[in-house]
Amino acid sequence: MDANENRKTVPNWKIPWQNFSANNVPRKDTPIIFLEPSGTYFIGKIDSEGLIKASDSNYIYSKLESQITHFAYIENIRDGLISFPNKPEIDRLIIIKDLHGTPFLGKMNEDSLIERIGTGYRYSIRDGFLISWIYATCPSDLKVSIDRLN
């Protein structure tokens, strides 16, 4: 077993996380990374009706369901961005931007291909389609809790 497999992770402190609440709802029609209480991440947008639509799964969340604890605007993530073809660690969750500026979640596999979460798509880091990435999570021993940053 790899030593990294047992390592606990927490949200990356370099991402400008905000608490999700009735008083702090993200603006509409902009790409956002969301964090659920279970520790699951997804990228989506708030639509014109105020519902949250996950980008890759098309799952729809109500803002009132308490399924989201934190969020961050993708456009505000600047500190810690890394350009491809620099490689992330294998199997670590990353936020990726492609050539068109579209953000998505993925992981690098052992064949050095980026696997897009929820879709089955795989991308080469050398084909020029993927532009930049940042870890969505950090090892728990390397960061301050995002709750303490707010």
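Reader: In which sense do strand 9 and strand 10 pair, and over how many bridges?
Author: This is a predicted model, in which local features need pLDDT of at least 70, side-chain atom pairs count only at pLDDT 80 or more, and totals for chains, interfaces and linings use all residues. Residues are numbered from 1 along each chain as its sequence is written, and side-chain values use heavy atoms, with hydrogens and water left out. Strands (E, at least two residues) and helices (H or I, at least four) are DSSP runs numbered from the N terminus, and two strands pair if DSSP finds at least two bridges between them. Here strand 9 (residues 94–98) and strand 10 pair in the antiparallel sense over 4 bridges. One of the residues involved is I94, whose bridge partner in strand 10 is G106.

Reader: What lies between strand 9 and strand 10 in their hairpin?
Author: The hairpin has 4 residues between the strands, and G101 takes a positive phi near 85°.

Reader: How does strand 10 pair with strand 11?
Author: Strand 10 and strand 11 (residues 113–116) are antiparallel, with 3 bridges. K107 stands opposite E115 of strand 11. These two strands also form a hairpin with 4 residues between them, where S112 in the turn has a positive phi of about 65°.

Reader: How many residues of strand 10 are buried?
Author: Buried means under 20% relative accessible area, exposed over 50%, and partly exposed in between (1.4 Å probe, protein chains only). Strand 10 (residues 103–108) is mostly covered, as 5 of its 6 residues are buried.

Reader: How is a pair of aromatic rings described?
Author: The description uses the distance of the centres and the angle of the planes. Rings of Phe, Tyr and Trp (its six-membered ring) pair if their centres lie within 6.5 Å; planes under 30 degrees apart count as stacked, over 60 as edge-to-face and the rest as tilted. The structure holds 8 aromatic pairs. The centres of F71 and Y73 are 5.6 Å apart and their planes are at 85°, so this pair is edge-to-face. F71 counts as buried at 0% relative accessibility, and Y73 counts as buried at 8%.

Reader: Why is the pair of Y123 and F129 stacked?
Author: Their planes are at 20°, with the ring centres 5.6 Å apart, so the pair is stacked. Y123 is buried at 13% relative accessibility, whereas F129 is partly exposed at 22%.
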